[in-house]
Amino acid sequence: MKEVRFHNSLTGNKEIFSPEFPDKVRVYSCGPTVYNFAHLGNLRAFLFVDLLRRSLIAFGYKPDMTMNITDIDDKIIRESIASGKTIQEFTAPWVKAFQEDLESLNIQKLEHYPKATDSIPSMVEIVKHLQSRDLVYEKDGSLYYSISKFKDYGKLSKIDVSGMKSGTRYDTDEYEKDDVRDFVLWKFPKQEGEPSWETEIGSGRPGWHLECSAMIRDVYGSGVDIHTGGVDLTFPHHENEIAQSEGAYPNENFVKYWLHSEHLLVNGEKMAKSKGNFFTLRDLTKEGADLRHIRFLLIAAHYRSKLNFTKDRLEEAEQSVSRIQNCVNRLLEADSKSGSASINSNIQIPEWDEFLDSLADDLNISKFLASVFETVKETNQALDQGSISEEGISKRLELFRKIDSILGILSFELKEEVLDSEIDEMVRQRQEARQNKNFAEADRLRDKLNELGIILEDTKEGLRWKRK
Ligand code: AMP
Ligand code: ZN
């Protein structure tokens, strides 16, 4: 097995990856809160998970991955009440939109997509364990985590707990960075119509952080090898997950490697729903953007560096994808025409293992892509010079297929190339069929031309055609 290194946010170092079971690498990723369409920033985080998955597979591991769906939180409750729907009715279309987005971006399906509302019993179990270890207190019917009693609090985010205001609490799910307070585990119902569960720890609903600790237990029994999420989740969300899981089950390993992905920015600011500076996939495809270009744009920057989104960047992504695809098209064409290759070739084909070396270094996609473009350049030169053997062509195609097992942007179907003279002939036959009132044949030819992307125009000089 290849030696792989990941940057672990817990230690701040690149560490050699050694999962407990190579044939079941457990990965948990914080997923979407389903109250709207995902924006490109969210999608960057989900594409990072896809890159991680595809790389683990390429390294020879067998991943077993989970992304949770947050289908209960303050915003969802507010909006479902306002629209007179249950939270299931309100969230169902957004869950569907999320799944459609993943599919559109060619994101591989994970093994598990649990919903927060399906793991209430495990949440209750965790709180009971925390209570038995004296880490919980009650105030006005809600339950809070007493973080001063958990000695490791702050170990992931390196937050300074010395300024903590003892006994002060947070009722909301989200709060400002650096403000260290006790967080809510279980919320007493406050407003009419609010969803609530009758449980052993009282009636109410879970705080946001509890769901991830519970879903990890539901899916894997104890902990995971890798936990991912956007950098904004390091504190408080992931810090609180650690406090919950390690506080409740101190003898178990919760998470070995924490991987955090950086933000997508717009004009230097984080893309966020609350800022109104966001784009959804639908916004961009409506303007004619191609999904493969969006996918490339979002995975081409290293996951730990910020990425500024601009329309120019999207155009650059388009050019990059075309460059690789054109090279693949040339290889496919050469492969389909026997006898077009030279007999001997002394041009070396790059080793796939060298590409994997880049990914094995904390998913260094920039280095990986530099090798891809080098291969494109070399391949084009070899094709120009006719110095590529039949074996060389199929080996190179094999290499590009492996490259695409990571990038997920290429097509390996040979497009039918139709010559201008052939189109001229089809247009002439169509005119003839019409003159002879053979409308079935005329329609067949019209459909065929349409399929080939040919537009017919009536001009003063007669019928003209052009390609779309
Ligand atoms: P949410 O749906 O807000 O719970 O977020 C889902 C995921 O998207 C989390 O992992 C966030 O960290 C991530 N995320 C949110 N905004 C951005 C952004 N602008 N760039 C990258 N990731 C983001
Ligand atoms: Zn989470």
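## Helix packing, domains and cavities

Helix α11 (residues 365-385) packs against helix α12 (residues 390-407) at an angle of about 155°, and their axes lie 12 Å apart. Axes here are lines fitted to C-alpha atoms, for helices over the stretch in contact, and angles run from 0 to 180 degrees between N-to-C directions. Helices (H or I, at least four residues) and strands (E, at least two) are DSSP runs, numbered from the N terminus. α11 and α12 are therefore roughly antiparallel to each other; angles under 35 degrees count as roughly parallel, over 145 as roughly antiparallel, 65 to 115 as roughly perpendicular and the rest as oblique. The crossing of α11 past α12 is left-handed, a term used if the near helix is turned anticlockwise from the far one by less than a right angle, with right-handed used if clockwise.

This is a predicted model, in which local features need pLDDT of at least 70 and side-chain atom pairs count only at pLDDT 80 or more, while totals for chains, interfaces and linings use all residues. Residues are numbered from 1 along each chain as its sequence is written, chains are lettered from A and ligands numbered from 1 in the order in which they are written, and side-chain values use heavy atoms, with hydrogens and water left out.

The chain divides into domain 1 (5-275), domain 2 (310-407) and domain 3 (420-467), with bounds that come from an automatic or database domain assignment. Taken over C-alpha atoms, the centres of domain 1 and domain 3 are 59 Å apart.

The structure holds 3 cavities of 30 Å³ or more. A cavity is a set of points, on a 1 Å grid over the protein atoms alone, where a 1.4 Å probe fits but cannot get out; lining residues have an atom within 4 Å of a point. Grid points are joined across faces, edges and corners, and a volume is the space filled by probe spheres set on the points.

The largest cavity has a volume of about 80 Å³. Its lining includes R44, F48, E262, H302 and Y303. α1 (40-59) and α8 (291-299) are the elements that give two or more residues to this lining, and the largest share, 4 residues, comes from α1. The lining consists of 7 nonpolar, 2 polar and 2 charged residues. Ala, Val, Leu, Ile, Met, Phe, Trp, Tyr, Cys and Pro count as nonpolar, Asp, Glu, Lys and Arg as charged, and the others, Gly among them, as polar.

The second largest cavity holds about 70 Å³ of space. Among its lining residues are S213, R217, E246, Y249 and F254. α5 (208-220) and α6 (234-248) each supply at least two residues, and α5 gives the most, with 3 residues. Here the division is 3 nonpolar, 5 polar and 3 charged.

Helix α6 also contains P236, which is joined to F235 by a cis peptide bond with omega of about 0°.

Conventions
On a 1 Å grid over the protein atoms alone, a cavity is a set of points where a 1.4 Å probe fits but cannot get out, and a pocket is an open set with protein on both sides within 12 Å along at least five of seven lines; lining residues have an atom within 4 Å of a point.
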